[in-house]
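The exercises below concern side-chain contacts, and each task sentence is followed by a solution that goes step by step. Please look over the sequence and the model before you start.

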Amino acid sequence: MSQQPLPTRPSVLISAAMSIDGHIDDASPERLLLSSSEDFDRVDRLRSESDAVLVGAGTLRADDPRLEVRDPARRAAREARGLPAHPLKVALAGSGGLSADLRLWQSGGAKLVLAPDEAVGGLRAELGAAAEVVGTGPSLDPARVLDELAARGVRRLMIEGGGAIQTLFLTAGLVDEIQLAVAPFFVGDAAAPRFAPPGVSPFPQDALHRMTLLGADVLGDLTVLRYAARRSDAARVTEADMDWMRVAIALSRECPRSETAYSVGAVIVAADGAELARGHSREGGDDKVHAEEAALAKLDLTDPRLRTATIYSTLEPCSVRASRPSPCAELVRAAGVGRVVLAWREPALFVADCQGVELLEASGATVLELPALAAEARAVNAHLVR
């Protein structure tokens, strides 16, 4: 009998705050506060968009976090989507020593502790019914951690620290995205903990692991840098991706000019390279239709090819829309398209903060950007943005 394939591993996001010289918070009484209120809200939003939040035992002991979604509106939005108010809370422990008095165990939501097999018995004795404890084999294997979470339906995992855990996943090449909030000062202490301390394995250095800067956002006096860290074939840009995006850009040039909407082209392509559908903004005389919407409307949404298809859009699929019931990010998600490639992110012209990429990634889709073609796609809208 053939072995059943494992569920698709979740996408992995690391979120951290650090000083200019790369140091993170420590547990000393005089510790520096790296984050700001704006950054705490960013982290809360990321938690609300994730299926699970993971920290190491060291962070639990030092910070005693609850890892809850703090904003009541975000908790309500999760519940409206049929999700628990808080994501699954995951702790990685290399050994025992997790007190049952930690605030995490008294907070809302399900808790899971993953540890090497030899530590499982002691942790179960320490924690009792406060958390489920599961072994990961002879070592704390990050790949087995992701497989365990995938089996529980986790599609998007957020890692909040600390440095040893971040390094564990980074050196394994299992991180999809990194968000770094950089605080405007130097620590200047060689003994202070760093964002990525030396790993047991060397950090990948080949071109496929060179990260891509997705953007930089200013939050108060912090700058949040967003990087894509490619992990799998689905998250690699190919020559075919470039070619299909050029087709989408050509479609965007067919859009009737508008002063109140972008000109966007979209193409949906099956895994075997066959074109399934294409569309562009304001197609067919409908001045409200968006490119992705026009393309999807030409397909039977029960077509199984959509699950492994790629949709190419010259602009980030919208997350907020006044003219139609569903924004394009929701339409793509509902269609089950698993891979989205875009040329540029929506600027803050008509919508202050488009969250199309975040919504798609939260649904388990792989989202890629093609910065090499961003200027060409943006030029079609030069009358709106530069």
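**Exercise 1. Aromatic rings**

Which residues do ring pairs link into a cluster?

Solution. The model is a predicted one, and the pairs are taken one at a time.

Step 1. A pair of aromatic rings is described by the distance of the centres and the angle of the planes. The count of aromatic pairs in this model comes to two. For Y262 and W344 the ring centres are 6.1 Å apart and the planes stand at 85 degrees, so this pair is edge-to-face, given that an angle over 60 degrees is classed that way.

Step 2. This pair links distant parts of the chain, since Y262 is in the loop between α8 (239-252) and β10 (265-269) while W344 is in strand β13 (residues 339-344), 82 residues apart. Y262 is buried, its relative accessible area being 7%, and W344, at 6% relative accessibility, counts as buried too.

Step 3. The rings of Y262 and F350 have centres 5.0 Å apart and planes at 65 degrees, so this pair is edge-to-face as well. Here, too, distant parts of the chain are linked: F350 is in the loop between β13 and α11 (356-362), and 88 residues separate it from Y262 in its loop between α8 and β10.

Step 4. Taken together, the ring pairs link Y262, W344 and F350 into a cluster.

**Exercise 2. A charge over a ring**

Find where the charged end of R70 sits, and give the distance.

Solution. The charged end of R70 sits over the ring of F40, at 5.9 Å from the centre of that ring. This distance can be compared with the cut-off, which is within 6 Å of the ring centre.

**Exercise 3. Cysteines**

Solution. Step 1. A disulfide is a covalent bond between the sulfur atoms of two cysteines. The cut-off needed here places the two sulfur atoms within 2.5 Å.

Step 1. The cysteine sulfur closest to that of C255 belongs to C328 and is 12 Å away, which is too far for a bond. C255 counts as buried because its relative accessibility is 9%.

Step 2. C354 is likewise in no disulfide, and the nearest cysteine sulfur, that of C318, is 6.8 Å away. With a relative accessible area of 8%, C354 is buried.

Step 3. The count of disulfides accordingly comes to zero.

**Exercise 4. Salt bridges**

Solution. Step 1. D44 and R74 meet through their side chains in a salt bridge, with 2.9 Å from N to O. The pair links distant parts of the chain, D44 being in helix α1 (residues 37-48) and R74 in helix α3 (residues 72-80), 30 residues apart, and both D44 and R74 are buried.

Step 1. R246 forms a salt bridge with D243, where the closest N and O atoms are 3.3 Å apart. Both R246 and D243 lie in helix α8, three residues apart, which is about one turn of the helix. R246 counts as partly exposed at 38% relative accessibility, and D243 is partly exposed with a relative accessible area of 44%.

Step 2. The side chains of R324 and E293 meet in a salt bridge at 2.7 Å, N to O. This pair, too, links distant parts of the chain: R324 is in the loop between β12 (310-315) and α10 (328-335), whereas E293 is in helix α9 (residues 291-296), 31 residues apart. R324 counts as partly exposed at 21% relative accessibility, whereas E293, at 15%, counts as buried.

Step 3. Salt bridges that share partners join D41, D44, D71 and R74 into one network.

**Exercise 5. The surroundings of S50**

Is S50 buried or exposed, and which residues does S50 touch beyond four places away in sequence?

Solution. S50 is found in the loop between α1 and β2 (52-56), and at 1% relative accessibility S50 counts as buried. A polar atom of the S50 side chain lies 2.7 Å from the backbone oxygen of L46. Leaving out residues up to four places away in sequence, S50 touches R78, P87, R156 and M158.

Note on methods
Residues are numbered from 1 along each chain as its sequence is written. This is a predicted model: local features need pLDDT of at least 70, side-chain atom pairs count only at pLDDT 80 or more; totals for chains, interfaces and linings use all residues. Side-chain values use heavy atoms; hydrogens and water are left out. Rings of Phe, Tyr and Trp (its six-membered ring) pair if their centres lie within 6.5 Å; planes under 30 degrees apart count as stacked, over 60 as edge-to-face and the rest as tilted. Helices (H or I, at least four residues) and strands (E, at least two) are DSSP runs, numbered from the N terminus. Buried means under 20% relative accessible area, exposed over 50%, partly exposed in between (1.4 Å probe, protein chains only). A charge sits over a ring if NZ of Lys or CZ of Arg is within 6 Å of the ring centre and within 35 degrees of the ring normal. A salt bridge is a side-chain nitrogen of Lys or Arg within 4 Å of a carboxyl oxygen of Asp or Glu. A polar contact is a pair of N or O atoms within 3.5 Å; within protein, one must be able to donate a hydrogen and the other to accept it, and residues adjacent in sequence count only if both atoms are side-chain atoms. Contact means heavy atoms within 4.5 Å.
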